[in-house]
Amino acid sequence: MSGGPSVQEAAPLAPHADRFAALALANVVRAYPYAPMHLLTGPQDLVPPRTHHPAFYGSYDWHSSVHMHWLLVRLLRRCPDRVPRSEITDALDRHLTAAHLAVETAYLRAHPAFERPYGWAWLLALAAECRALGGAAGERWATALAPAAEAVDALLRGWLRRATYPVRHGTHTNSAFALGLVLDTAAAAGRPELVAPVTGTLLRWFADDHDAPAHWEPSGQDFLSPALAEAEAMGRVLPQAEFASWLARFLPGIERRAPAALLGPPAVSDPADPQIGHLAGLSLSRAAALRRIAAALPSDDPRGAVLAAAARDHLAAGLPHTVSGDFTGDHWLATFAVLALDGPPAHGGTWRPAAAGDAVD
């Protein structure tokens with residue numbers, strides 16, 4: 001592996017790496033329970049998930065399987081001395097083969113609305129993480145994933161041309177979260193030409209937004225914040241001064257710690273409930289978004305400290321749920337914990353997405 005970010009940069013993630021790795025290794029081979037998103041056109045479609053998804057058949061559903069694979073590669077890259085490298089490599093070698101990914105690619109092309117846009121974005125993130133890992137293993141997995149990334153590229157472009165309006169609610173189809181993740185990973189995934197159309201679409205959808213109804217959040221099954229996902233995405237595409245002004249229009253009152261419902265962690269009355277449990281993930285995704293938004297502001301902007309403090313509160317609330325022993329949350333929450341732990345720095349720092357070659361020796 002080539003040189004890249006220091007071990008110190010991965011310090012917040014490091015204490016959790018072994019537990020997250022064990023969880024992900026168990027998840028990616030756990031075939032059941034599974035929630036297929038396959039339209040049944042007749043009895044011939046009643047087949048095991050592994051028939052359609054030989055790579056991503058575990059972790060309850062396709063997108064969770066993809067981002068659990070991403071989690072394994074991220075841990076291998078960022079905390080290589082704290083995870084079972086040979087076990088992770090063996091698992092990924094069994095799943096991320098050219099033959100398996102050819103089946104996955106054919107399925108994506110044959111079902112152009114499947115996992116749009118959330119799963120698409122995570123597949124690009126996985127491809128980017130493999131390329132960033134480098135070395136023989138990373139290159140092997142990235143090569144196998146390249147046709148699927150190409151398919152997502154084509155599907156995404158076609159959808160953006162037709163998508164007059166964004167989806168703004170706080171679950172998988174949220175447009176801002178997915179396109180923000182695409183911006184972070186497209187170039188590193190070998191699809192840099194996606195950056196321009198995605199940027200243009202975000203500006204078309206959101207540049208004129210103001211007075212977000214953030215006091216309505218959260219909804220009862222959110223794992224993403226509609227307001228923060230949009231602001232986080234716009235922080236990626238607007239110059240710093242423009243973003244600072246846009247944010248003042250979009251979320252007025254942050255400097256006064258308002259709205260309180262957005263800046264304080266949500267209550268999670270029943271983490272084992274599949275929908276209420278989403279709110280545990282909301283704490284983690286908000287933590288990542290709040291840190292990103294703070295980092296996108298000028299260093300002397302008073303809102304940065306407010307957002308960074310709110311990020312810390314959300315992370316503290318969400319982390320205890322990540323490895324609970326209950327598969328309801330264990331099949332996905334650790335991924336969002338890593339986004340919060342290993343994402344942009346606290347206010348005043350600098351951050352950029354991982355690029356190819358950013359591997360740890």
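**Pocket lining, helices and overall fold**

The lining of the second largest pocket comprises twelve nonpolar, twelve polar and two charged residues. Here Ala, Val, Leu, Ile, Met, Phe, Trp, Tyr, Cys and Pro count as nonpolar, Asp, Glu, Lys and Arg as charged, and the others, Gly among them, as polar. The model is predicted: local features need pLDDT of at least 70, side-chain atom pairs count only at pLDDT 80 or more, and totals for chains, interfaces and linings use all residues. Residues are numbered from 1 along each chain as its sequence is written, and side-chain values use heavy atoms, with hydrogens and water left out.

The second largest pocket holds about 420 Å³ of space. Two or more lining residues come from each of helix H3 (62-78), H13 and helix H15 (327-330). The lining has 26 residues, and Pro274, His278, Thr328, His331 and Trp332 lie nearest the pocket centre. A pocket is an open set of points on a 1 Å grid over the protein atoms alone, where a 1.4 Å probe fits, with protein on both sides within 12 Å along at least five of seven lines; lining residues have an atom within 4 Å of a point. Points are joined across faces, edges and corners, and the volume is the space filled by probe spheres set on them.

The protein chain contains 16 helices and zero strands. These are DSSP runs numbered from the N terminus (helices H or I, at least four residues; strands E, at least two). Of the 361 residues, 57% are buried (under 20% relative accessible area, 1.4 Å probe, protein chains only).

Helix H13 (residues 278-296) has 19 residues and reaches 27 Å between its first and last C-alpha, close to the 27 Å expected (1.5 Å times one less than the number of residues). Because 18 of its 19 residues are buried, H13 is largely enclosed by the rest of the structure. Ten of the twelve residues of H10 are buried, so H10 too is largely enclosed. Its buried residues are covered by elements including H8, H9, H11, H12 and H13.

His95 lies in helix H4 (residues 85-95). It is buried, with a relative accessible area of 2%. Beyond neighbours within four places in sequence, His95 contacts Val28, Val29, Ala55, Tyr57, His69, His100 and Leu101 (heavy atoms within 4.5 Å).

Terms used. Buried means under 20% relative accessible area, exposed over 50%, partly exposed in between (1.4 Å probe, protein chains only).
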